[in-house]
Amino acid sequence: MDVTLNVNGEARHLRIEPRVSLLDALRERCGLTGTKKGCDHGQCGACTVLIDGRRVHACLTLAVMARGKITTIEGLARGEQLHPMQAAFVECDGLQCGYCTPGQIMSAIGLLGEGHAKSDDEVREEMSGNICRCGAYSNIVSAIQLARGRSA
Ligand code: FES
Ligand code: FES
């Protein structure tokens, strides 16, 4: 099938089979390998991207169904200037091996956009679908609260 994805403000024209996931389309066809493949089953959150500002698991989304503006980790920085959430993650050391980090950052941006999860406990609840095997969770919560404070 021919499909056009709107990724990070660019139209990407792909010819793909209908069963191809958005995750594979992004990584293997668009060359955007910042979005990570952890479980490929909707359980780890490593593949989280935003579609029209809402968090989705790219591994559970068919590329042909991905309507709207897709934002991946590559679409956040403006040149050399990091997105405030990326900067907060660096500042709070919210990453160790970094494998889960793109999904964590995309999810964090999504939850701030949703306008809830103001307490640390709520942030933990909202981020519970993103698994970090290195255990950087407390620094991730700090980073999200730092970014929230700066965007308020
Ligand atoms: S790779 Fe999609 S949730 Fe794990
Ligand atoms: S930083 Fe290693 S999995 Fe999260």
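This is a predicted model: local features need pLDDT of at least 70, side-chain atom pairs count only at pLDDT 80 or more; totals for chains, interfaces and linings use all residues.
1. Conventions. Local features need pLDDT of at least 70 and side-chain atom pairs count only at pLDDT 80 or more, while totals for chains, interfaces and linings use all residues. Residues are numbered from 1 along each chain as its sequence is written, and side-chain values use heavy atoms, with hydrogens and water left out.

2. Overall fold. The protein chain holds five helices and five strands, where helices (H or I, at least four residues) and strands (E, at least two) are DSSP runs numbered from the N terminus. Along the sequence the pattern is β-β-α-β-β-β-α-α-α-α.

3. Dimensions. The radius of gyration is 15 Å, which agrees with the value near 15 Å for a compact globule of 152 residues; the rule is 2.2 Å times the number of residues to the power 0.38, over C-alpha atoms.

4. Strands β3 (residues 48–51) and β4 (residues 54–57) pair in the antiparallel sense over four bridges; pairing requires at least two DSSP bridges. V49 stands opposite V56 in β4. Two residues separate the strands of this hairpin, and D52 in the turn has a positive phi of about 50°.

5. Helix pair. Helices α2 (residues 84–91) and α3 (residues 101–114) pack at about 125°, with axes 10 Å apart; axes are lines fitted to C-alpha atoms over the stretch in contact, and angles run from 0 to 180 degrees between N-to-C directions. The two are therefore oblique to each other, the class left after under 35 degrees (roughly parallel), over 145 (roughly antiparallel) and 65 to 115 (roughly perpendicular).

6. Helix contact. M85, Q86 and F89 in α2 meet T101, Q104, I105, A108, I109 and L112 in α3, contact being heavy atoms within 4.5 Å.

Note on methods
Chains are lettered from A and ligands numbered from 1 in the order in which they are written.
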